Amino acid sequence: MQLIDFNEIQHRIDELRDQELYIHLEMTTGAYAAHMDASKHPAATFISNAVIRFTHGSISGNGPYRVGLKMPHGWVYSEGLTHFEETERERLILAGHDGQGKLVVALQLSREPF
Amino acid sequence: MKEEMKNAMERHILVVLPHPDDEAFSLSGTLAKHIEAGSPVTYACLTLGEMGRNMGNPPFTNRVELPGIRKQELEESCAAIGIQDLRLLGYHDKTVEFEDTALLDGNIAAILDEVKPSLVYTFYPGYSVHPDHDATGAAVVRTVGRLPEDERPTVRCMAFSRDHELAIGRPDVISDVKGFLKQKMGAIRAHRSQFHGVIGSNSLTDREMQERFGTERFWTYRFN
């Protein structure tokens, strides 16, 4: 994983426009959040390999970044993205990692199921 | 009542845990000890921990590659402990509690029937923090509980939820693994995507290592 290159990500988002895509979207505090600190509210959610299509998408911010994908009937939104997988040519793998390197948020798009 | 674990040879030991690395801190020394006594060990790991948050710092892998990395780490951990029979059951991280219980229990029942363990290690259902831990322990207890009483293996559970001892008391099996810290540290270090920074540098003295890692604790599950 590398730190997000804004222009590179915008280019890749554009390449994935107007086609059926499998999405993995996730946000998590980790299952142990409240075990480590009782004041924390553990929460996590993910959706894996749902099929979407977006007509317009962009990356925004100065880092950590936001991504919004406009679909015919709604939106995909993700905030806190810091890293992307530079070795992936076909798929877009974005993630937000916190100061300890732990994954907090992930947004992934692919023409094939994950 | 504390009972120092007797290291008698077991006919077969079955370990059922949901995530690669669940064995490392609380069980690996005990397993190495069993293996030295000549007991064969089968480790059934339900998922590949594909939803784990740790990937190194800075992250050296990603969500997509993590399952493959964790599979390798688990194989390395098993090699360090001496486990030769590792079964990957193919469930998905974080979903064990939502699985079809007939499917899950059937899977565990088939392994029980095949290896006929005299001793099973798993998590204590309800006292093991992660929903996958609790669901795995519950499935094991359910499945073993269906066996005729005289065919049931002993089930030893790990527990670490807040205030668990208020509910289930003190552990009844204390396993001294000070003589097996080489295997245990090998298992912990094998899971490098998960435990980077946990162990830190090698600055702990032998005595500190023994205090921190030298004892493992279990609760024998009471079926009646």
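**Strands, contacts and backbone**

Me: In β5(A), what is the bridge partner of Ser58(A)?
Reply: Gly68(A), a residue of β5(A), is the bridge partner of Ser58(A). Before going on, note that this is a predicted model, where local features need pLDDT of at least 70 and side-chain atom pairs count only at pLDDT 80 or more, while totals for chains, interfaces and linings use all residues. Residues are numbered from 1 along each chain as its sequence is written, chains are lettered from A and ligands numbered from 1 in the order in which they are written, and side-chain values use heavy atoms, leaving out hydrogens and water.

Me: OK, and how many bridges join β4(A) and β5 of chain A?
Reply: β4(A) and β5, which covers residues 65–71 of chain A, are paired over 5 bridges in the antiparallel sense. Two strands are called paired if DSSP finds at least two bridges between them, and the elements themselves are DSSP runs numbered from the N terminus, with helices (H or I) of at least four residues and strands (E) of at least two.

Me: What is the order of the strands in that open sheet?
Reply: The open sheet has 3 strands in chain A, ordered β4-β5-β6, and their pairing is antiparallel. At the edges stand β4 (56–60) and β6 (74–81) of chain A, and each has a single partner strand, so one side of each lacks a neighbour in the sheet. From one strand to the next the twist averages 10°, where axes are lines fitted to C-alpha atoms (for helices over the stretch in contact) and angles run from 0 to 180 degrees between N-to-C directions.

Me: Which helix packs on the sheet?
Reply: That is α1 of chain A, residues 6–15, which touches β4 and β5 of chain A and whose direction makes about 170° with that of β4(A); contact here means heavy atoms within 4.5 Å. α1(A) also lies across β7 (83–84) and β8 of chain A, at about 135° to β8(A).

Me: And which strands form the open sheet of 6?
Reply: In chain A the order is β1-β7-β8-β9-β2-β3, again with antiparallel pairing. β1 (2–3) and β3 (44–52) of chain A are at the edges with a single partner strand each, so each has one side without a neighbour in the sheet. Within the sheet, β8 (residues 92–97) and β9 (residues 103–110) of chain A pair antiparallel over 6 bridges, and in β9(A) it is Val105(A) that partners Gly96(A).

Me: Switching to the interface: how many residues of chain A are in contact with chain B?
Reply: There are 30 residues on the chain A side, in contact with 23 residues of chain B. About 2000 Å² is buried between the two chains, 56% of it on carbon and sulfur atoms, taking buried area as the accessible area (1.4 Å probe) that two parts lose on being put together, summed over both. In chain A the residues losing the most area to chain B are Tyr32(A), His35(A) and Phe46(A), which together make up 26% of what that side buries.

Me: Backbone next. What kind of peptide bond joins Gly63(A) and Pro64(A)?
Reply: The bond is cis, with omega at about -5°, and Pro64(A) sits in the loop between β4 and β5 of chain A. The peptide bond from Asn57(B) to Pro58(B) is also cis, with omega near 0°, and Pro58(B) belongs to the loop between β3 (41–45) and α2 (66–81) of chain B.

Me: Is the phi of Asp21(B) positive or negative?
Reply: Asp21(B) has a positive phi of about 100°, although it is not a glycine, and its place is the loop between β2 (13–17) and α1 (28–36) of chain B. Most residues other than glycine have a negative phi, and most peptide bonds are trans.
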